[in-house]
Amino acid sequence: HGVSGLEPLAWSEDHRVSVSTSRSIAVLEQLSDVHSGGQEMVIHRTAVPAPSAACHLKVGPKKEVAECKEKFANSVDPTVSQAFMLDRVFNPEGKSLSPLRGFKYSSWSPLGCDANGRCLLAALTMDNRLTIHANLNRLQWVQLVDLTEIYGERLAEASYKLSKADSARGELGDFPEFQRRYSMQTPVRMEWSGICTTQQVKHNNECRDVGSVLLAVLFENGNIAVWQFQLPFLGRESITSCNTIESGINSPSVLAWWEYEHSNRKMSGLIVGSDFGPVKILPVNLKAVKGYFTLRQPVVLWQEMDQLPVHSIKCIPLYHPYQKCSCSLVVAARGAYVFWCLLLISKAGLNIHNSHVTGLHSLPIVSMTADKQNGTVYTCSNDGKVRQLIPIFTDVALKFEHQLIKLSEVFGSVRTHGIAVSPCGAYLAVITTEGMTNGLHPVNKNYQVQFVTLKTFEEAAAQLLESSVQNLFRQVDLTDLVRWKILKDKHIPQFLQEALDKKIESCGSTYFWRLKLFLLRILYQSMQKAPSEVVWRPSHEDTKILISDSPGMGSTEEDQEEGTSKQANKQSLDDTAEDSVPQPSDAGGREPMEEKLLEIQAHIEAVEMHLTREHMKRVLGEVYLHTWITENTSIPTRGVCDFLMADDGYDDRTARVLIGHILKKMNKQTFPEHCSLCKEILPFTDRKQAVCSNGHIWLRCFLTYQSCQSLVYRRCLLHDSIARHPTPEDPEWIKRLLQGPCTFCDSPVF
């Protein structure tokens, strides 16, 4: 299907690319698969289908609305009848016109907003339905809430007044009032804020941290609804509040969050652009969010009504090397130009420097994206040209160096419809269709998402080693480049191996051990011989027996001849097979490769055991902190302690001291696990499974080391490990342990 909307492409923080089309939102998830030896990029594809029924905005009682629509459609005043009939907001079903199907815009939330700790997807359809979706069970997207319906109910309860001070409006039968009620709930864009953490006081006077996120929705009349959601977002019950802000901007076109950190205070505001040209930042006053600061008054970034519509806005946090402080770079696509504004808070107040970058494109910019790691901005126009803009700070403000990326050199003649950069800046995703050939447009358009690498393997490896995130899952685009290089060369580069060993010796962080495990697993896959046939494809061997071959049956001459020819064919095949059997000298040549594989496998098991022990220490630390003397926890504490101390070669003073304190608390009590089938004791002899004396086998949860004695459990994204589901009886600290990612690959658990 063809793409739809203004910015059809978006890349989430958890490495999912959403593509808005006329029938659905296609979601492409990038995986750095450690179980595959193929060099190709691994993509897992799902989709969010468009609703089958048209969305009707709630502006009054159904009967009264139907009467008003009939009245306006048959009005003798052409300014009323034509304005009503041609506006698809009033007529979403279309009648004689084609129905409004597809999506206008999609926006990803920050990481950690859904029940699995991943990103939520806010989707706006062409008929103005705003919904929030989550991918909870890995294969299917679920709609959690319809914000258009809820906002319509709130407006109806308030009699379509934004505040109590509003004067009485006209009746629904007046066409201006009819238009006003529609425009005040017709979404234009929506954007997510960063996650805010607040403290909530419980009944027992304890404080607990509660996460919340804001979703700003820009409406056609210039109003902005700011929704506050409690995390994890589960549905309508997670909505904390909804505040409406009047922006005062006519014909608004785009929205973005301005988030700035100054003197350990986080400030926020909303950047709004107009179809007429102006851009300004609005303060967002939210009294319910503690530790939240905003501007005292609106700040105008560009005030000229120059009729250059603002198409896209990005806000990039940067560090100013000359002023030695943090700053914000706001870039906006206006026609064929890029407007930029540098905001800096000093003792004198808020300093603003702005200008335009010209000479980039000969056609209007259709899409813009930014790499928030280094501030690089990418723009594209419809003619297949992509520009890379690199900000360079000067004493006063900054300047941009830009270079042209010619996609025609890579893909041939193409037209571009949208771009998005990966979270760590390793890939650029581009939506393309066929361009002109011999001066002629193509008969059919095939929409494709192309992936272009922006970094070399050396740059990706250096970024992984110096990463402040220290999470492999959040850097999948970088690990994918490293994976490709190792599979291609069949060895780990020497410089990467030495640098990683130095990091492990100096730091000892489990992140570098997980990175080492990832490299060893990819190296093991690169050494594996590719199967000659596809594993899932059924074999088509003929297992039928000739009737002539069966005992007690007669045979004709033709049968005998056919049997003879078959026997001859079989004899020739056997001869060929004998020739292809490797001689002893060939087998001797294969031994070094098998030894190499066994050596790599031993290294993998050693690294996995180190990571297991480190996590066991963490689990035991939680047990020690949250249990009283002789309390029976569902975690096999004694088994974990014995497992850690069983290896004489493992000498960790921290572990020994911790185990000594725990055993003293337990006072010779063991609290063993029991098999739910035969009630026999489950010994803790293996970190992956538990086997009772009757042979019943239960898999162990890798987060708590409990046996999963149920038919339902969770797996990590790369199928590395399994984990059990939390139960209502679990205390808070065990539920917190079960929310953790995979200890081997940092992937979330489903």
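**Rings, strands and spaces in a predicted model**

Reader: Over the face of which residue does arginine 189 lie?

Author: A charge counts as sitting over a ring if NZ of Lys or CZ of Arg is within 6 Å of the ring centre and within 35 degrees of the ring normal. Arginine 189 meets this rule at 4.7 Å from the ring centre, and the ring is that of tyrosine 105.

Reader: What kind of model is this?

Author: Residues are numbered from 1 along each chain as its sequence is written, and side-chain values use heavy atoms, with hydrogens and water left out. Local features need pLDDT of at least 70, side-chain atom pairs count only at pLDDT 80 or more, totals for chains, interfaces and linings use all residues, and the whole is a predicted model.

Reader: At what distance from the ring centre of tyrosine 650 does arginine 613 lie?

Author: Arginine 613 also has its place over the face of a ring, here that of tyrosine 650. The distance from the ring centre is 4.5 Å.

Reader: Do tryptophan 258 and tyrosine 260 form a pair that is stacked or edge-to-face?

Author: Rings of Phe, Tyr and Trp (its six-membered ring) pair if their centres lie within 6.5 Å; planes under 30 degrees apart count as stacked, over 60 as edge-to-face and the rest as tilted. The structure holds 23 aromatic pairs. In the pair of tryptophan 258 and tyrosine 260, the centres are 5.7 Å apart and the planes make 20 degrees, so the pair is stacked.

Reader: Are tryptophan 258 and tyrosine 260 buried or exposed?

Author: Relative accessible area decides this: under 20% is buried, over 50% is exposed, and in between is partly exposed (1.4 Å probe, protein chains only). Tryptophan 258 has 0% relative accessibility, and tyrosine 260 has a relative accessible area of 3%. Both residues therefore count as buried.

Reader: Which tyrosine belongs to one aromatic cluster with Phe72 and Phe84?

Author: The cluster also includes Phe90, Phe175 and Phe178.

Reader: Which residue in β28 stands opposite glycine 418?

Author: β27 and β28 (residues 427–434) run antiparallel and are joined by seven bridges. The residue of β28 opposite glycine 418 is isoleucine 431.

Reader: What is the bridge partner of isoleucine 25 in β4?

Author: The order β1-β2-β3-β4 describes an open sheet of four strands with antiparallel pairing. β1 (9–11) and β4 (42–49) are its edge strands. Strand β3 (residues 24–31) pairs with β4 over eight bridges. In β4, the partner of isoleucine 25 is valine 48.

Reader: Which element gives the most residues to the lining of the second largest pocket?

Author: On a 1 Å grid over the protein atoms alone, a cavity is a set of points where a 1.4 Å probe fits but cannot get out, and a pocket is an open set with protein on both sides within 12 Å along at least five of seven lines; lining residues have an atom within 4 Å of a point. The second largest pocket has a volume of about 1,600 Å³, where grid points are joined across faces, edges and corners and a volume is the space filled by probe spheres set on the points. Of its 40 lining residues, those closest to the centre include Ala115 and Pro232. With five residues, the element that gives the most is β11.

Reader: Is the peptide bond from leucine 231 to proline 232 cis or trans?

Author: Proline 232 is found in the loop between β12 (223–230) and β13. Omega of the bond from leucine 231 is near -5 degrees, and the bond is cis.

Reader: Is tyrosine 160 buried or exposed?

Author: Tyrosine 160 lies in the loop between α3 (147–157) and α4 (175–183). Its phi is near 60 degrees, a positive value in a residue other than glycine. With 5% relative accessibility, tyrosine 160 counts as buried.

Reader: Which element gives the most to the lining of the largest cavity?

Author: There are four cavities of 30 Å³ or more, and about 140 Å³ of space lies in the largest cavity. Among the residues closest to its centre are Ser32 and Cys745. β3, α7 (476–489) and α9 (510–527) each give two or more residues to the lining. The most, four residues, come from α9.

Technical notes. Pairing = 2+ DSSP bridges.
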